[in-house]
Amino acid sequence: MQHRSFFLLALVALLAVTTAVAKKKDKVKKGSECSEWTWGPCTPSSKDCGMGFREGTCGAQTQRIHCKVPCNWKKEFGADCKYKFESWGACDGSTGTKARQGTLKKARYNAQCQETIRVTKPCTSKTKSKAKAKKGKGKD
């Protein structure tokens, strides 16, 4: 009698697991019907960087996915546009700035990105010291 009840219990558990797996596969199939998703920019939940959401549309379907805007992102060209930059140029004495150019390396989520961009920053008058001692090393 105990063997029958154990067998019946195992059969019910197997049936429950099989049903759960089948439901999960149905959800995956429903989400994959559309192949041409259009994604918007990542919008932070608070302030101008950090965790947020990106909305995507495909036909009548709409989805929101989690995303993250880096806090050091350049607002001019967005967090979804990745560029490869050249070295900084010489300091322009008349403007007090130096510039460099970047070429588009990757556009995430079909973002509208410029092929090349030019960025500037103020020239620094101080030189960096390369001989700084590391913390905790060389102390006795």
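In this predicted model, the count of aromatic pairs comes to 3. The rings of Trp37 and Trp39 have planes at 25 degrees and centres 5.6 Å apart, so this pair is stacked, since planes under 30 degrees apart count as stacked. Trp37 and Trp39 are both buried. In another pair, the rings of Tyr83 and Phe85 have centres 6.3 Å apart and planes at 50 degrees, so the pair is tilted. A pair of aromatic rings is described by the distance of the centres and the angle of the planes.

Which residues do ring pairs link into a cluster? The cluster consists of Trp37, Trp39 and Tyr109.

**Charges over rings**

Two arginine side chains are placed over aromatic rings, as the table shows.

| Charged end | Ring below it | Distance from the ring centre |
|---|---|---|
| Arg54 | Tyr109 | 3.9 Å |
| Arg64 | Phe53 | 4.1 Å |

Three strands form an open sheet in the order β5-β6-β7, and their pairing is antiparallel. Its edge strands are β5, residues 81–85, and β7, residues 116–122; each of them pairs on one side only. From one strand to the next, the twist averages 45 degrees. Strand β6 covers residues 97–107 and is joined to β5 by 5 bridges, with the two strands running antiparallel.

What stands opposite Tyr83 in β6? The residue there is Leu104. Is Tyr83 buried or exposed? Tyr83 has a relative accessible area of 10%, and because buried means under 20%, Tyr83 is buried. Its ring partner Phe85 has a relative accessibility of 29% and so counts as partly exposed.

**Lys47 in a loop**

Where is Lys47 found? Lys47 lies in the loop that runs between β2, residues 43–44, and β3, residues 50–58. With a relative accessible area of 82%, Lys47 is exposed, because exposed means over 50%. Lys47 and Cys71 are 24 residues apart along the chain, and their C-alpha atoms are separated by 10.0 Å.

How values were computed:
Residues numbered from 1 in each chain as written. Predicted model: local features only at pLDDT ≥ 70, side-chain atom pairs only at ≥ 80, totals over all residues. Heavy atoms only, no water. Phe/Tyr/Trp six-rings, centres within 6.5 Å; stacked < 30°, edge-to-face > 60°. Buried < 20%, exposed > 50% of the residue type's maximum accessible area, 1.4 Å probe, protein only. Lys NZ or Arg CZ within 6 Å of the ring centre and 35° of its normal. Pairing = 2+ DSSP bridges. Helix = DSSP H or I, 4+ residues; strand = E, 2+ residues; numbered from the N terminus. Axes fitted to C-alpha atoms, helices over the stretch in contact; angles between N-to-C directions.
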